[in-house]
Amino acid sequence: MAGMSDAEVQGQIAHMIAFIDQEASEKVEEIDAKAEEEFNLEKGRLVQTARAKIMDFYDKKIKQVELQKKIQQSNLLNNSRLQILKRKEELLNDLLDDARKLATKTVNEDPQKYQETMIKLTLQGLSALLEPKVTVQVRPQDVDLMKKIIPEVITRYRKLTQDKHDVKIIVDDQNFLAPEIIGGVIVSAHGDKIRINNTMNERLKLISRQMQPELRETLFGPNPNRKFKD
């Protein structure tokens with residue numbers, strides 16, 4: 001730098017250094033500002049992504065809890081229904097057992113009524129078979145009673161069929177009804193190939209099946225799911 005004194009040269013250098021420092025400071029500030037902006041943008045993006053993941057996680061958890069709750073409610077409801085159905089069956093069975101006890105009491109304590117019942121049960125068996133020769137199976141203690149009522153049964157049978165059918169009744173005194181049978185008869189023909197079970201146990205079962213809908217409605221009220229009645 002010709003023509004300039006050392007002081008002027010030093011001043012010029014100092015001015016240039018100050019300019020460079022100013023430029024550098026401004027550049028640093030610009031870089032810092034841009035970095036801060038990029039940092040805030042990236043932080044916002046990360047926070048938003050994390051928030052979305054957290055919300056999605058808890059949405060899934062809530063749905064799982066709700067599904068589990070519905071499953072538990074459904075299981076509890078089904079178990080309650082099964083318990084109610086079981087209790088209803090128990091009550092119906094108790095009712096049938098009471099009827100069985102009443103029938104047993106009639107057999108044991110009212111011989112006249114039981115005799116008439118035996119006549120009617122045998123007559124029903126004959127009318128169902130319409131065979132000229134039948135075998136009647138009874139309890140051991142009813143053999144004498146059965147032999148006693150045969151003439152009356154035949155008389156009523158002839159009257160019922162308007163004398164179009166006659167029948168010979170053989171009382172089986174070798175094979176008897178099972179011990180649990182309350183009373184009644186089994187009427188068979190053609191070597192036991194066809195038979196009518198008219199024991200009181202079987203009649204109670206039949207009546208129970210026929211009356212079950214009516215009994216259920218009487219005991220538990222109408223079934224809201226039942227659209228038709230017989």
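Predicted model: local features only at pLDDT ≥ 70, side-chain atom pairs only at ≥ 80, totals over all residues.

Q: How many helices and strands is that?

A: The protein has 4 helices and 4 strands.

Q: What order do the strands take in the sheet?

A: The order is β2-β1-β3-β4, in an open sheet with mixed pairing. β2 (168-172) and β4 (194-199) are at the edges with a single partner strand each, so one side of each has no neighbour in the sheet. On average, neighbouring strands are turned by 25 degrees against each other, direction ignored.

Q: What holds paired strands together in general?

A: Backbone hydrogen bonds, in either a parallel or an antiparallel arrangement.

Q: Which way do β1 and β2 run, parallel or antiparallel?

A: Parallel: β1, residues 133-137, is joined to β2 by 5 bridges. One of the bridge pairs is Gln137 with Asp172 in β2.

Q: Which helices pack on the sheet?

A: Helix α2, residues 111-129, packs on the sheet and touches β1, β2, β3 (184-189) and β4. The direction of α2 makes about 25 degrees with that of β3. Helix α3, residues 143-160, also packs on the sheet, touching β1, β2 and β3. The direction of α3 makes about 170 degrees with that of β2.

Q: Back to the strands. How many bridges join β3 to β4?

A: There are 6 bridges, and these two strands run antiparallel. Gly184 has Thr199 in β4 as its bridge partner.

Q: And what's in the turn between β3 and β4?

A: The two strands form a hairpin with 4 residues between them. His190 lies in that turn and has a positive phi of about 55 degrees.

Q: Changing topic: what are the overall dimensions?

A: Along the principal axes, the C-alpha atoms fill a box of roughly 165 × 35 × 35 Å. The radius of gyration is 51 Å, while a compact globule of 230 residues would have one near 17 Å.

Q: How much of the protein is buried?

A: Of the 230 residues, 22% count as buried. The accessible surface comes to about 17400 Å², and carbon and sulfur atoms make up 55% of that.

Q: Last one: what share of the contacts is between residues 24 or more positions apart?

A: The share is 72%, counting contacts with a separation of 6 or more.

Key. Residues numbered from 1 in each chain as written. Heavy atoms only, no water. Pairing = 2+ DSSP bridges. Axes fitted to C-alpha atoms, helices over the stretch in contact; angles between N-to-C directions. Contact = heavy atoms within 4.5 Å. Rg over C-alpha atoms; globule rule 2.2 N^0.38 Å. Buried < 20%, exposed > 50% of the residue type's maximum accessible area, 1.4 Å probe, protein only. Areas by Shrake-Rupley, 256 points an atom, 1.4 Å probe, with all protein chains shown as cover.
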